[in-house]
Amino acid sequence: MKLERLLVPIYLPRWLLKSAVKVKRALIPPAPPPFRSPINIAGERNVEWTFLSVEMPNGPGEAIEFGCEQGFMGLLAAQKGFHVIANDLQEQPFTWQHPNVEFRQGDFLQLDLPRNHFDLAINCSSVEHVGIAGRYGIELTQDDGDIEVMKRLADILKPGGLLLMTAPCGRDAVMAPWHRVYGSQRLPKLFAPFSILKEFYWVKDVQNRWVLTARDKALDFQPRNDPNDGHGCAYALGCFVLTKNS
């Protein structure tokens, strides 16, 4: 026999209703709030690659991509008419081939590259890893490795050459074994050889979506490190168009 549940209203005096509600809350805890995934860096490449794609100038010319990984931006630069040197510390098995892209594996600071040669440099969230041992084949800690890379990029760019880059931003931090976060102290040091032509900043909202924000708010963001999962970290994101100082 199927049983049906009947809801029968019971009317109580106000003073007794309040007491009954207190008893119910004591015996039956309220339902937990809906789960919200923690803020992390998911989707950062969507922001970075669209920014770099929009700001990528047309060739012809000479370009270098530092920390190329899969070489996406180097390939884009080649399709824009540049001859590209794509550099990474580790071997990169590209899933494509382009006649104007030359891969060079090795330490960027040790590569034989001509001074005042390149019209364009690309650095998509790469410089922050330099000198932080434990990832991407980096074995030695170098406190100023990132600063040296930026100086070298300025050295090999032509006067007036462009550097397109993105980097983690927030309160200054070293999030070992992953990368640095650039704030009000280290970001000016990083950019010392350059002038800023454009800058945009992004942070995550409560729904874990990247949203545009002001510079001050981004550089005041409190980063969070997850030493076991680089993608579980949290920081703001900076997108920059820089030009070499004359």
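Visitor: Why is Asp205 called buried?
Guide: Asp205 has a relative accessible area of 17%. Buried means under 20%, so Asp205 counts as buried. Keep in mind as we go that this is a predicted model.

Visitor: What makes Asp205 and Arg209 a salt bridge?
Guide: Their side chains meet with N and O 2.9 Å apart. The cut-off is 4 Å between a side-chain nitrogen of Lys or Arg and a carboxyl oxygen of Asp or Glu, so this pair qualifies. In general, side chains of opposite charge can pair when their charged atoms come close.

Visitor: And why is Arg209 called partly exposed?
Guide: Arg209 has a relative accessible area of 47%.

Visitor: What makes Glu48 and Arg45 a salt bridge?
Guide: The closest N and O atoms of Glu48 and Arg45 are 2.5 Å apart. That is within 4 Å, so the pair counts.

Visitor: Where do Glu48 and Arg45 lie?
Guide: Both are in helix α2, three residues apart, about one turn of the helix. An α-helix has 3.6 residues a turn, so residues three or four places apart point the same way.

Visitor: Are Glu48 and Arg45 buried or partly exposed?
Guide: Glu48 has a relative accessible area of 0%, so it is buried. Arg45 is at 25% and counts as partly exposed. Salt bridges that share partners also join Glu44, Arg45, Glu48 and Glu69 into one network.

Visitor: How do you know that Arg104 forms a salt bridge with Glu102?
Guide: Their closest N and O atoms are 2.8 Å apart, and the limit is 4 Å, so the pair passes. Arg104 is partly exposed at 27%, and Glu102 is partly exposed at 31%.

Visitor: How many salt bridges are there by this rule?
Guide: The count comes to 14.

Visitor: What makes Lys244 a residue with no salt bridge?
Guide: The nearest side chain of opposite charge is that of Asp155, 5.7 Å away. A salt bridge needs 4 Å or less, so Lys244 has none, although Lys244 is buried.

Visitor: Which polar contact does the side chain of Lys244 make with another side chain?
Guide: Lys244, which lies in strand β10, makes a polar contact with the side chain of Asn116 at 2.7 Å. Beyond its neighbours within four places in sequence, Lys244 is in contact with residues including Ala154, Pro159 and Phe194.

Visitor: Why is α3 described as largely enclosed?
Guide: Six of its eight residues are buried, so α3 is largely enclosed by the rest of the structure. The buried ones are Met73, Gly74, Leu75, Leu76, Ala77 and Ala78. Their cover includes α2, β1, β2, β3 and β4. After α3 comes Gly81, whose phi is positive, near 110°.

Visitor: What is the order of the strands in the open sheet?
Guide: Eight strands run in the order β3-β2-β1-β4-β5-β10-β8-β9, with mixed pairing.

Visitor: Why are β3 and β9 said to stand at the edges?
Guide: β3 and β9 each have a single partner strand, so one side of each is left without a neighbour in the sheet. From one strand to the next, the twist averages 20°.

Visitor: What makes the pairing mixed?
Guide: β4 and β5 pair in the parallel sense over six bridges, whereas β5 and β10 run antiparallel, joined by eight bridges. Leu162 in β5 takes part in both pairings: Leu120 stands opposite Leu162, and the bridge partner of Leu162 in β10 is Thr243. β8 and β9 also pair in the antiparallel sense, over four bridges.

Visitor: How do you know that helix α2 packs on the sheet?
Guide: Helix α2 touches β4, β5, β8, β9 and β10, and its direction makes about 20° with that of β10. Helix α3 packs on the sheet as well, touching β1, β2, β3 and β4, with its direction at about 170° to that of β2.

Key
Residues numbered from 1 in each chain as written. Predicted model: local features only at pLDDT ≥ 70, side-chain atom pairs only at ≥ 80, totals over all residues. Heavy atoms only, no water. Pairing = 2+ DSSP bridges. Helix = DSSP H or I, 4+ residues; strand = E, 2+ residues; numbered from the N terminus. Axes fitted to C-alpha atoms, helices over the stretch in contact; angles between N-to-C directions. Contact = heavy atoms within 4.5 Å. Buried < 20%, exposed > 50% of the residue type's maximum accessible area, 1.4 Å probe, protein only. Lys, Arg positive; Asp, Glu negative; His and termini not counted. Polar contact = N/O pair within 3.5 Å; in protein donor to acceptor, adjacent residues only side chain to side chain.
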